[in-house]
Every structure is written in C-alpha cells, then in structure tokens.
Amino acid sequence: MSVWVIIPVKPLRLAKSRLSKVYTPEERQQFAEAMLRHVLKVVQDVPEVAGTLVISRDNHALALAREYNAKTIQESGAPELNTALMRATSVVASWRAEAVLILPADLPLITPEDVTNIINMGSGIHPCVVISTDRNKDGTNALYVQPPGLIQYAYGSESFQRHAVMARDADAEVHIYQSDRMLQDIDLPEDIENYHRMIQRGTYEDTIKKELKL
C-alpha cells in the first residue's frame, strides 16, 4: 500500500510562542527545528512510508525537509491549516497515494515503531481512520486516513473528537492508537516539564538533546 506522510510546519522563527517564558526566540526556533528534524528522521526510517510531503511557508523549513528527501509545497501568505492540509492531500492523491498520515512537527518521542503501528492498524481496512491524541485528549497528534480525502480536516481545539465523529459519519472504521510517546507534543511550558520527567525515568531517549542543548 502507498502511504504518504504529510507534515505541516509553521515558520520556525515564529514557532512555539507559548514557550516564551521558558526559552528565548532563538532557543524556540532551535527547539522547533530539532523536533522537525526528529520527526523527519523517524518517518524516513519507516519502510511502509512511500514518501513524505512537508507543507510550509518557511523556506528554511522546506530546505531542511529536502535534506531528508521529503517533497515540499510552499504556501504563501498565512494559509489556514486545514485548508493547507486538504491541498497537500490532493497532491499526494494525484501521486496515487492510497492513504495519508498527518503528523505534526513537534513530537519529540515519536519512533518508527509508532508510525509502523499506526499504518498497520489501518492496513487492509477500507475506509479507515486511525487517530492518536495528546495528553489532554483534545488535539490530534496523528491522523491516518484511508483513502485520502475521506474526511475534511478539523485541526484546532477538540480536534480529536471532531475527527472521530467525522470519520464515523463517513462510515469509516475508526481506531485509536495509544502510545505514551505519541501523547507528548510540545506547546506549553508544562509539556516541556513532562517531557523531561519522561526522559529522567530512563524509559525514553532524549532525541532532542542530540540536536541541541537547551
């Protein structure tokens, strides 16, 4: 099966503004870039992934993506996330993608195993949607949709529930992928604190520390 990963990326210099009490603007940019590099590396190591498409209006982020053999789409202006993702989905569908996996660029603990497991959950089921949420069970940290374009995207507050409802309304079989690693995104200072607690337990590798020292 041809599965494409789509990664939307905000301008790195503007990323993670809610971490302003923890990091300087330069540190926030470095942190966002380190997480993007990690997600790109992980996806690159998954043989079930046919390709990766990064969509952004940040030239630096797009250049970085190409270092990992990702395809890129440059947005102009300030495009709305859900609209941008539908555009990207149409592009990979024209490349004969049979499924898409939307991943944010801020998953510091995601592993190739997570990506493989999500794809396997949806493999052979048509239509199918696999969703992974965040620690607050509010957002969507992974969204596998087969076939591409089956549902509209509803990222924003309470997107996890909205995506599940939309998938069921489309008569798709819905699966929830549960993983402590996938719960951990980085938006708020408490997310940083929780990330460090998880690392300190010794269960998880500090993948971000490999890229920078904060």
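This is a predicted model: local features need pLDDT of at least 70, side-chain atom pairs count only at pLDDT 80 or more; totals for chains, interfaces and linings use all residues.
**View 1. Strand S1, buried from end to end.** Let's start with S1, which covers residues 3–9. Seven of its seven residues are buried, so the strand is largely enclosed by the rest of the structure.

**View 2. The strands paired with S1.** S1 runs parallel to strand S2 (residues 49–56), and seven bridges join the two. To find your way around, pick out Ile6: its bridge partner in S2 is Leu53. S1 also runs parallel to strand S4 (residues 99–102), this time with four bridges. Here, look for Val5, which stands opposite Leu101 of S4.

**View 3. From strand to helix to strand.** Now bring in helix H1, residues 25–44. Together, S1, H1 and S2 make up a β-α-β unit, and it's a right-handed one.

**View 4. Helix H5 and its buried face.** H5 spans residues 159–169, and its buried residues are Ser159, Phe160, His163, Ala164 and Ala167. Seen down the helix axis, these buried residues fall within an arc of 135°, so they line one face of H5. Why can residues spaced along a helix end up on one side? An α-helix has 3.6 residues a turn, so residues three or four places apart point the same way. And what covers the buried residues of H5? The cover includes strands S5 (128–133), S6 (140–146) and S7 (173–176). After H5, check out Asp171: its phi is positive, near 60°.

How values were computed:
Residues are numbered from 1 along each chain as its sequence is written. Side-chain values use heavy atoms; hydrogens and water are left out. Buried means under 20% relative accessible area, exposed over 50%, partly exposed in between (1.4 Å probe, protein chains only). Two strands pair if DSSP finds at least two bridges between them. A crossover is right-handed if, with the strands pointing away from the viewer, the path from the first strand over the helix to the second runs clockwise. The arc is that of the directions from the helix axis to the C-beta atoms. Contact means heavy atoms within 4.5 Å.
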